[in-house]
Amino acid sequence: MASSSLTEGKSSYTIQVYHDARIKDNVATSGNGGGIYFNSSLNKNIPVTFKIFERTDNGVRHIPQITGNHADSGKGGGIYYEITASARKDIHSIFLDGGNISGNYAIYGAGVYSAGGDVNCSENVNGVLMTGNTASVDGGALFLEGGSLTMNSGDVSSNMATSNGGGLYIGSGGFLTMNSGTVSGNTATVDGGGVYIASDGSLTMNGSTITSNTSGGNGGGIYLDTPRSFIMNAGEVSRNSVGIDKKGGGICCVASTQESESTNSVVLNGGLVSGNIANGDAQFTGGGNIHHIVTRGQNAHIFQILRTGQQFAVQH
């Protein structure tokens, strides 16, 4: 098990997991962080970098492994990373530049749970692999509570959440930018088989493939619950599916238009939404590929697709 906190007298602090490191089969019977626990409760203004990376020497890949760890009653089966509310968010970050985060278990964020910091899946020829992680509630592979996640590479596959976000769960007010990488074969019992965006969150797709994910509820590929925005410039959402009579095999957006809330927006500039499935009666009203739901408040703002670019395609 690995655990770390900041100490006095440091001008910067770096935690690295690399080469052939193995963090395996550890259990937190209470609390968070089955494999690795990090908290910025001391020296809040010191820059902190947490980095997992692999390297290749003489043609041989050396891949760090964070596998089979449990947070049985908490968050972050593989990794728990917290930036406290009083810390400066702009100087704390986590980089997933490779490695294998698999077979971990937690209530929230079975693979990785990040609270308050910025997560970067950096450009890497191999990228991080997050697979076979299981959350008993939300965020099979990764749960982001505040902050941002930038995905430039990586493979998020075959993870499961008993509630929402089989692959990625982006908490309220969080930001997800997908430039490359794959989210595939993940399962959520409720909503968001591949990706779940909670209220006031934002998703921008400049690339990436979200494919073959499944939800028992709505949004087989992507589920957005009253998002701030969803912008799709490129990428692919394909072959995802939802449960019987559920909505949005590919993408489901929900807009709560209460008096205090601003207009939610979807901008589709490019990319492909193709071959997604909504079963039962919902396929006629709910959209196999894209569905949006409007809940009207006293002074309703209409949720709408603001713009569809010429390079955007919806195929049946």
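Trainee: Which residue in β10 does Val27 stand opposite?

Mentor: The model is a predicted one. In it, β4 pairs with strand β10, residues 70–75, in the parallel sense over two bridges. Across this pairing, the residue of β10 opposite Val27 is His70.

Trainee: Which strands stand at the edges of the open sheet?

Mentor: Eight strands form the open sheet, and their order is β4-β10-β14-β18-β22-β26-β29-β32 with parallel pairing.

Trainee: Which residue in β14 stands opposite Ala71?

Mentor: Strand β14 spans residues 105–108 and runs parallel to β10, to which three bridges join it. Opposite Ala71, the residue in β14 is Ala106.

Trainee: Which residues touch the most other members of the largest nonpolar core?

Mentor: In soluble globular proteins, nonpolar side chains tend to be buried together. The largest nonpolar core here holds 46 residues. The residues that touch the most other members are Ile79, Ile222 and Phe230.

Trainee: How many residues does the second, separate core have?

Mentor: This core stands apart from the largest one and includes Phe143, Tyr169, Tyr196 and Tyr223. Its number of residues is 10.

Conventions. Residues numbered from 1 in each chain as written. Predicted model: local features only at pLDDT ≥ 70, side-chain atom pairs only at ≥ 80, totals over all residues. Heavy atoms only, no water. Pairing = 2+ DSSP bridges. Helix = DSSP H or I, 4+ residues; strand = E, 2+ residues; numbered from the N terminus. Core = buried A, V, L, I, M, F, W, Y, C linked by side-chain atoms within 4.5 Å. Buried < 20%, exposed > 50% of the residue type's maximum accessible area, 1.4 Å probe, protein only.
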